[in-house]
Amino acid sequence: MFTSEGITVKEERKAPLSNDTKYVTIDELEWDDFPIENLTMEVTNIWPQLSDEDDTALEALEFEVERLERSDAQTEASTSDDFWEQVYEQTGITYEDGEITLSGNKNAKDNLVAFVDFLLVNGYLTEGDLPIKSGWKRYLINTEPLHQKGGSMAEDVEVTDGVYLETKYSRKDICKKIKELAERVGELE
């Protein structure tokens, strides 16, 4: 999507355990940072978005792109900074100086659910990664709301179809679980 502020690139992705698809933001660039040189786009559709106040004023252009390529000099692997920027944009959770700060707009449990949903939707966690242990006898995330020996999860939440998260943790432990998950997906050293 092209706007006066810059460009937002979204990609259609399937939820890990269902057939649901949704558009996920994979890049946001201001115009000064937009790599116009050596950029190849194969556009299949264009939709103009008009202003609500003036239906003749163009507010944005949304493009459906079949192929988008940048030159080697402009293509970089995702870094931890990019990861945490995306986490903040989608969940409100931040990571700075080794500390997790939860979003103030929701309780600690909802922050954990949002973070796990972010990991699943963006492909950092997949069905093949499950279950994820939380200690010797418990699972943090599983494909059913049960622990290793069959006991029920405490305050489980179904994050997406067939993915259950145990959420009965203190605020401090939730921050710890988020850090552990970030380490697991390679975004903390």
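**Close-up views of a predicted model**

**View 1. Glu180 and Lys177 are joined by a salt bridge.** The side chains of Glu180 and Lys177 meet at 3.8 Å, N to O; a salt bridge is a side-chain nitrogen of Lys or Arg within 4 Å of a carboxyl oxygen of Asp or Glu. This is a predicted model, in which local features need pLDDT of at least 70 and side-chain atom pairs count only at pLDDT 80 or more, while totals for chains, interfaces and linings use all residues. Residues are numbered from 1 along each chain as its sequence is written, and side-chain values use heavy atoms, leaving out hydrogens and water. Glu180 and Lys177 are three residues apart in helix α3 (residues 171–184), and are therefore separated by about one helical turn. Helices (H or I, at least four residues) and strands (E, at least two) are DSSP runs, numbered from the N terminus. Lys177 is buried, with a relative accessible area of 11%, whereas Glu180 is partly exposed at 35% (buried means under 20% relative accessible area, exposed over 50%, partly exposed in between; 1.4 Å probe, protein chains only).

**View 2. Arg138 forms a salt bridge with Glu166.** The closest N and O atoms of Arg138 and Glu166 are 2.6 Å apart. Arg138 lies in the loop between β7 and β8 and Glu166 in strand β10, so the pair ties together parts that are 28 residues apart in sequence. Glu166 is buried at 1% relative accessibility, and Arg138 is partly exposed at 35%.

**View 3. Asn122 lies in the loop between α2 (108–121) and β7 (132–133).** Asn122 is buried, with a relative accessible area of 8%. Contact (heavy atoms within 4.5 Å) links Asn122 to Arg13, Val24 and Gln90, not counting residues up to four places away in sequence.
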